[in-house]
Amino acid sequence: MTAPSKTTPSPHKPRVFSGIQPTGNLTLGNYLGAIRNWAPLQKDYECIYCVVDQHALTVFQDPAGLREATRQVAAALIACGIDTDKHILFNQSQNPDHAELAWYFNCVARMGWLNRMTQFKEKAGSNKENASTGLFVYPNLMAADILAYRATHVPVGEDQKQHLELARDIAIKFNNDWSVADFFPVIEPLILGEATRVMSLRDGTKKMSKSDPSDMSRINLTDTADEIAKKIKKAKTDPENLPTDKKGFAGRPEAENLVTIYAALTHQTVETALSEIGGSQFGAFKQILADAAVAHLEPITTEMNRLLEDRAEIDRILAKGGERAKALSAPILKEVRDTLGLVSA
Ligand code: TYM
């Protein structure tokens, strides 16, 4: 008799889910760390991509601004190749199943787990008492986004890894507590590409972020060619030339960040990029980098602006996506309610 294998194959159909907040402009960090990897996954997986407008509400949002940002992010995703006929693109609030499942997960996740979340600590800052409770339980809603569809794979940037580990813990605890083995899949993060953590152009030790007060710290997907060139020209550097190998990045976070961005934009590894530009002065390299960034981003920005000329069409796409998403999550939510002992039709 052969011994049973330790890892039984997952009974869940491979399915991709990822989300993005409609707060401010999308950055090169969002693009290289996440969005760029989303379209290629459509070839091998059924994909669900979500503009997470309810997550955005964990800090105050001006209603008109939120509505506009939701459409802008949707346009950016379509411009980056999301196929809204074959796959699903919608905004989170169109499917209330996420919020319902998040409530159940509020009752599964432990305070200690959430207390360890570094993103909460960063976002709440020194005045934790004044942060919304939504910001604290944010990772539970994120787990619900994914598990409402029993998604198995989640493409994100490095900064979301801890949240996905928490989502895994929630799935495992739910399955154990209610003795429903394999009810929720144990999700796998997909952290892909060279630039999984793009840093600020003003400080190579800080993440590039749409919420940074300085617009010079980031490249936005809506920036013009001139703006991109100006921001790269002014990006912080150090007095040395570029190193010729990766070891030379020690203590030089800005050099490492700019070369990593260049490698990602030109579809090569950092090592091969260094064999091309290693030893150059920053001035010359910045010109090459600016040209690469403009060449890469300009077609996306142009397409995004074209799509935004017809906002009603974007709203139709999101509503259709919402209906299809709801059709997938409704039977799963019904099973969840039955498992928990809630009486429903
Ligand atoms: P958000 O909106 O902050 O960012 C969206 C995606 O962009 C990635 N990202 C970066 N990658 C590399 N370098 C950077 N500087 C950078 N900045 C952002 C993020 O890792 C992310 O993949 N909580 C999520 C949204 C979310 C979600 C989900 C994601 C809600 N529900 C379910 C996956 C699955 C967030 O705030 O991402």
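Modeller: On a 1 Å grid over the protein atoms alone, a pocket is an open set of points where a 1.4 Å probe fits, with protein on both sides within 12 Å along at least five of seven lines. The model is predicted, so local features need pLDDT of at least 70 and side-chain atom pairs 80 or more, while totals for chains, interfaces and linings use all residues. Numbering runs from 1 along each chain as its sequence is written, and side-chain values use heavy atoms, without hydrogens or water.

Colleague: How much space lies in the second largest pocket?

Modeller: Volume is the space filled by probe spheres set on grid points, joined across faces, edges and corners. For the second largest pocket that gives about 330 Å³.

Colleague: Which residues are closest to its centre?

Modeller: Lining residues have an atom within 4 Å of a point. The second largest pocket has 17 of them. Helix α8 (residues 161-177) gives the largest share, 3 residues. Closest to the centre are S10, H12, D182, P185 and V186.

Colleague: What is the volume of the largest pocket?

Modeller: Its lining has 49 residues. Q119, K123, D159, Q160 and K207 lie nearest the centre. Elements giving two or more residues include β1 (15-20) and α7 (133-147). The volume is about 1300 Å³.

Colleague: At what angle do the axes of α3 and α13 cross?

Modeller: Helices are DSSP runs (H or I, at least four residues). Axes are lines fitted to C-alpha atoms over the stretch in contact, with angles from 0 to 180 degrees between N-to-C directions. The axes of α3 (residues 63-79) and α13 (residues 311-340) come within 10 Å and cross at roughly 80°.

Colleague: Which orientation class is that for α3 and α13?

Modeller: Angles of 65 to 115 degrees fall in one class. That makes α3, relative to α13, roughly perpendicular.

Definitions and conventions. Parallel < 35°, antiparallel > 145°, perpendicular 65-115°, else oblique.
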